Amino acid sequence: MQIQLDPNSELQLYKQLANQIIECIAQGELKNGDTLPSVRSMATDLGINVSTVSKSYHELEEKGLIELKPKAKAVIIGGQKRELEETEVEKVENALKPIMAEAFARGLEKEQMTSLFQRILKQWK
Amino acid sequence: MLIIVGIFIIVGIMEMMTPHLTRKTLVFGVSIPEPYVKHPQLKLWKKYYSQIIAGIAGLFLVGQIALFLSPIQEEKVSLISFILLYVMLLLSSGLYMSYHAKTKKLKVQEQWEAQIKTVYVTDLSIRQKEETLSPIFFSVPIIITLALIAFTYMNYESIPEVFATHWNGAGEVDGWTQKSRLSVISMPLILLAIQISFFMMSQGMKSAKIQLSAQAKEASIHRELTQRKYGSWYLAAINFSMTILFVVLHYTTVILQDQTAPYFFPLFLVFNVVTLGGLLVFIWKLSKSNERFDEVHTNETAATDDQYWKWGIFYCNKNDPSLLVPKKFGIGWTVNFANKWCYILIAITLLPILLVIFI
């Protein structure tokens with residue numbers, strides 16, 4: 001469950017942090033009910049700004065993956081198997097479509113794309 | 001005499017070892033980027049520091065022994081010994097400051113920061129793996145002391161008008177105190193103050209920030225966890241042995257009215273053995289878990305927190321919610337001056353000294 005953020009990456013720090021936490025949830029390392037460190041202690045452990053961590057937690061909250069509770073606690077609520085609502089599936093599809101379209105337009109074969117998909121999915125149990 | 005000579009030797013050895021006990025990424029209180037931890041100049045300076053300290057300590061030890069052999073009065077000797085010890089500590093602090101400045105200068109001169117890539121690292125599971133002792137271990141001694149205070153007041157009538165409160169080196173009483181509602185519990189109060197500060201410290205250790213290194217992540221996780229675990233064990237060991245010592249001392253002198261019980265000295269000895277032996281075990285465990293940086297592959301390094309430190313000694317970071325932070329030079333912990341609780345901790349620590357002076 002190691003987190004490593006690279007300030008030279010074109011992806012903003014808060015986005016990197018959110019992505020890595022999401023990946024931890026997907027891999028099952030962070031389970032439903034686990035708590036994340038508080039915004040301030042996460043910021044000091046990493047050595048980054050409090051506002052950056054806060055921004056990333058709020059994004060995760062918006063996505064419905066964590067729940068921010070009083071006393072600066074952040075509890076994971078994602079990761080469990082449940083029936084997804086129609087709109088959520090649609091959301092994923094909308095987000096995925098441009099990325100896949102871009103890859104296809106760049107000349108990636110459909111088979112390559114499926115195997116890529118499977119390879120990524122295999123990382124998550 | 002043996003005790004004082006022993007103190008000089010122990011303090012000297014400790015001071016000598018200090019630069020070698022800290023994390024490799026911290027040299028004389030300056031954060032060293034990971035690709036530079038094996039810089040030959042740093043190694044040399046650490047060696048010089050130890051050698052100079054050894055020289056100073058040796059000199060003071062000889063002076064101390066000469067003092068004992070000279071015909072100076074005994075009371076004056078102990079005073080001069082204390083002054084000598086403080087001068088020695090002052091000299092080593094001065095030496096530290098000079099090497100701190102030198103290291104800082106080297107870092108700027110060789111432009112280390114321009115040649116490295118800072119990354120931000122942490123581990124989300126580390127706080128679950130932590131094995132610091134639960135607060136119960138630090139609450140029980142407090143409860144014992146409160147019970148002792150209550151017990152003392154229950155027996156208030158039978159306490160004599162004056163009772164022993166001070167002993168000389170030979171174990172004879174040389175200080176007596178008038179009985180009053182406050183004076184009969186002064187010893188438990190001192191104990192209580194220390195226990196409360198220990199309680200706060202144990203909590204502070206748990207929540208203190210965890211800084212990992214970018215190129216030796218597993219090793220730095222291991223070290224951080226070791227420091228927390230054995231730090232809290234050591235604190236608990238001192239806490240319990242001190243509680244036993246104080247409770248027995250108080251109970252025997254004030255309640256049983258026996259000022260010269262034969263078990264005082266052995267108890268005192270046990271307390272010292274626990275304090276010193278525990279420290280040695282703690283240091284041994286820590287140095288075993290130190291990151292080695294045998295292989296440094298990239299120019300990556302973890303972010304530093306130098307901007308929150310003054311001289312590598314005082315830490316003040318208002319974004320850091322924790323009370324304690326691992327020291328930058330030497331082993332152990334120091335307070336975060338941006339945390340309001342630190343002033344309470346300092347006040348509690350000073351309270352026993354004030355009590356001793358004014359009661």
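The expected span of a helix is 1.5 Å times one less than its number of residues. Keep that rule in hand for the first stop in this predicted model.

Helix H5 of chain A covers residues 110–122. With 13 residues at 1.5 Å a residue, helix H5 of chain A should span 18 Å.

Strands of a sheet pair through backbone hydrogen bonds, either parallel or antiparallel. Here, an open sheet of 3 strands runs in the order S2-S4-S3, with antiparallel pairing. Strand S2 (35–36) and strand S3 (66–69) of chain A are the edge strands. Each of these two pairs on one side only. Look closely at S3(A) and strand S4 (residues 73–76) of chain A: 4 bridges join them in the antiparallel sense. At one of the bridges, Glu67(A) has Val75(A) of S4(A) as its partner.

Now move to chain B. Its domain assignment gives domain 1 (1–115) and domain 2 (119–359). Taken over C-alpha atoms, the centres of these two domains of chain B are 23 Å apart. Where they meet, 20 residues of domain 1 are in contact with 24 residues of domain 2. On the domain 1 side, helix H1 (2–21), strand S2 (30–31) and helix H3 (74–109) of chain B each give two or more residues. H3(B) provides the largest share, 3 residues. By class, this side of domain 1 of chain B has 9 nonpolar, 7 polar and 4 charged residues.

Key: Residues are numbered from 1 along each chain as its sequence is written. Chains are lettered from A and ligands numbered from 1 in the order in which they are written. This is a predicted model: local features need pLDDT of at least 70, side-chain atom pairs count only at pLDDT 80 or more; totals for chains, interfaces and linings use all residues. Domain bounds come from an automatic or database domain assignment. Two residues are in contact if their C-beta atoms, placed from the backbone, lie within 7 Å. Ala, Val, Leu, Ile, Met, Phe, Trp, Tyr, Cys and Pro count as nonpolar, Asp, Glu, Lys and Arg as charged, and the others, Gly among them, as polar. Two strands pair if DSSP finds at least two bridges between them.
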